[in-house]
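Here are my notes on the model you sent over, in the order I'd walk through it on screen. Have it open while you read.

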Amino acid sequence: MSVLLLSRGLYDELRAHGEETYPHECCGALLGTPGSGGWHVTKVVRAGNTRTDSAHNRYSISPLELVRIERDARQHGLEIAGFYHSHPDHPAQWSKTDFEEAHWLGCVYVITTVAKGKADVTNCFLLSGASEEEKQFQNISIEVRD
Amino acid sequence: MKIFIPTPLRPYAGGKDAVELQAPTIAAALDELTQSNPELRKHLFTEQGKVRSFVNLYFNDEDVRYLPQKEETEVSANDTLTIIPSIAGGL
Ligand SMILES: [Zn+2]
């Protein structure tokens with residue numbers, strides 16, 4: 001599990017989402033299949049940011065929306081591979097909040113900097129470890145296929 | 001009833017994405033699930049036996065926390081229970 005693989009179209013799509021919601025954070029789910037080299041993402045699903053109280057620096061996906069995304073993934077033979085969100089005018093590095101709120105072990109968390117409304121750096125972090133107590137974020141590369 | 005297992009917990013449920021079982025209540029169903037898959041227990045419950053705060057349980061389309069009888073809600077064969085860890089973060 002060392003690379004996140006996705007098409008140019010999907011990569012552009014998740015980055016564009018952050019530009020649209022700027023100066024607020026965007027969020028969504030990445031659906032795909034696990035491979036020997038890592039997740040192969042084949043679908044990007046936009047989600048609403050429920051943190052309307054603090055959308056410029058927080059995001060949250062409603063569990064019910066997540067239940068429905070999961071159901072949809074299952075019907076298409078896909079799994080939730082991970083999630084993405086944006087950091088408006090902040091580095092594409094996971095924050096303390098991101099780490100504390102990350103619970104999908106084995107899944108990826110993709111973060112895009114949106115600088116003054118333009119998508120800039122996109123990084124991918126794999127939440128590794130066997131349990132909540134041992135979890136850690138591991139920076140992995142994104143392989144974009146044209 | 002059918003219990004849907006999220007991606008991170010599938011390795012602790014024999015790789016399965018769903019488990020079919022018979023139980024009278026949600027609590028009994030969770031009990032049976034963790035008895036047949038003991039490794040799941042620590043991922044779902046605290047040492048005090050409470051569901052971990054970041055683990056959401058959805059009974060069909062309802063959050064179990066908001067059901068009048070919560071985990072003691074009776075279940076039937078066609079009901080589903082979805083285990084879904086929360087997803088949030090920020091800057
Ligand atoms: Zn973040």
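1. Start at A:His85, which stands opposite A:Ile111 in β6(A). Bear in mind that this is a predicted model. The strands β5(A) and β6(A) run parallel and are joined by seven bridges. Strand β6 of chain A covers residues 108-115 and is mostly covered, with seven of its eight residues buried.

2. On to β7 of chain A, residues 118-128: this strand runs antiparallel to β6(A), again with seven bridges joining the two. A:Val110 has A:Cys124 of β7(A) opposite. The two strands make a hairpin with two residues between them, and A:Lys116 in the turn shows a positive phi of about 50°.

3. Now the metal. Which atoms coordinate the zinc ion? The donors are NE2 of A:His85, NE2 of A:His87, two OD contacts from A:Asp98, and the O of B:Gly90, at 2.0 to 2.6 Å. A:His87 sits in strand β5 (residues 79-88) of chain A and A:Asp98 in helix α3 (residues 96-100) of chain A, so to speak a link between distant parts of the chain, 11 residues apart. A:His87 and A:Asp98 are both buried.4. B:Gly90, one of the zinc ligands, belongs to strand β6 of chain B, residues 87-90, which is covered on both faces. B:Ile87 and B:Gly89 are buried on one side, B:Ala88 and B:Gly90 on the other. In a regular strand the side chains alternate between the two faces of the sheet. β6(B) pairs with β4 of chain A (residues 58-61) in the antiparallel sense over four bridges, and A:Tyr59 stands opposite B:Gly89.

5. Chain B has an open sheet of five strands, ordered β2-β1-β5-β3-β4, with mixed pairing. At its edges are β2 and β4 (62-63) of chain B; each has a single partner strand, so one side of each lacks a neighbour in the sheet. Helix α2 of chain A (residues 63-75) packs on this sheet, touching β1, β2, β3 and β5 of chain B, and its direction makes about 110° with that of β5(B). Within the sheet, β1(B) and β5(B) pair in the parallel sense over three bridges, and B:Ile3 stands opposite B:Leu81 in β5(B).

6. Helix α1 of chain B also lies across β1, β2, β3 and β5 of chain B, running at about 65° to β5(B). Which residues of α1(B) are buried? They are B:Ile26, B:Ala29, B:Leu30, B:Leu33 and B:Thr34. These residues are on the same side of α1(B), because they cover an arc of only 125° around the axis. An α-helix has 3.6 residues a turn, so residues three or four places apart point the same way. The cover over the buried residues includes β1 (2-4), β2 (18-20), α2 (40-44), β3 (55-59) and β5 (80-85) of chain B. On the face turned away from the buried side, B:Gln35 and B:Ser36 are exposed.

7. Last, have a look at B:Arg10, in the loop between β1 and β2 of chain B. Is this arginine buried or exposed? B:Arg10 is buried, with a relative accessible area of 9%. Its side chain makes a polar contact of 2.9 Å with the side chain of A:Glu70. Leaving out residues up to four places away in sequence, B:Arg10 touches A:Glu70, A:Arg74 and A:Glu79 in chain A, and B:Ile5, B:Gly15, B:Lys16 and B:Asp17 in chain B.

How values were computed. Residues are numbered from 1 along each chain as its sequence is written. Chains are lettered from A and ligands numbered from 1 in the order in which they are written. This is a predicted model: local features need pLDDT of at least 70, side-chain atom pairs count only at pLDDT 80 or more; totals for chains, interfaces and linings use all residues. Side-chain values use heavy atoms; hydrogens and water are left out. Buried means under 20% relative accessible area, exposed over 50%, partly exposed in between (1.4 Å probe, protein chains only). The arc is that of the directions from the helix axis to the C-beta atoms. Contact means heavy atoms within 4.5 Å. Two strands pair if DSSP finds at least two bridges between them. Axes are lines fitted to C-alpha atoms, for helices over the stretch in contact, and angles run from 0 to 180 degrees between N-to-C directions. A polar contact is a pair of N or O atoms within 3.5 Å; within protein, one must be able to donate a hydrogen and the other to accept it, and residues adjacent in sequence count only if both atoms are side-chain atoms. Donors are N, O and S atoms within 2.8 Å of the metal (3.2 Å for Na, K and Ca); water is not among the atoms, so sites may look incomplete.
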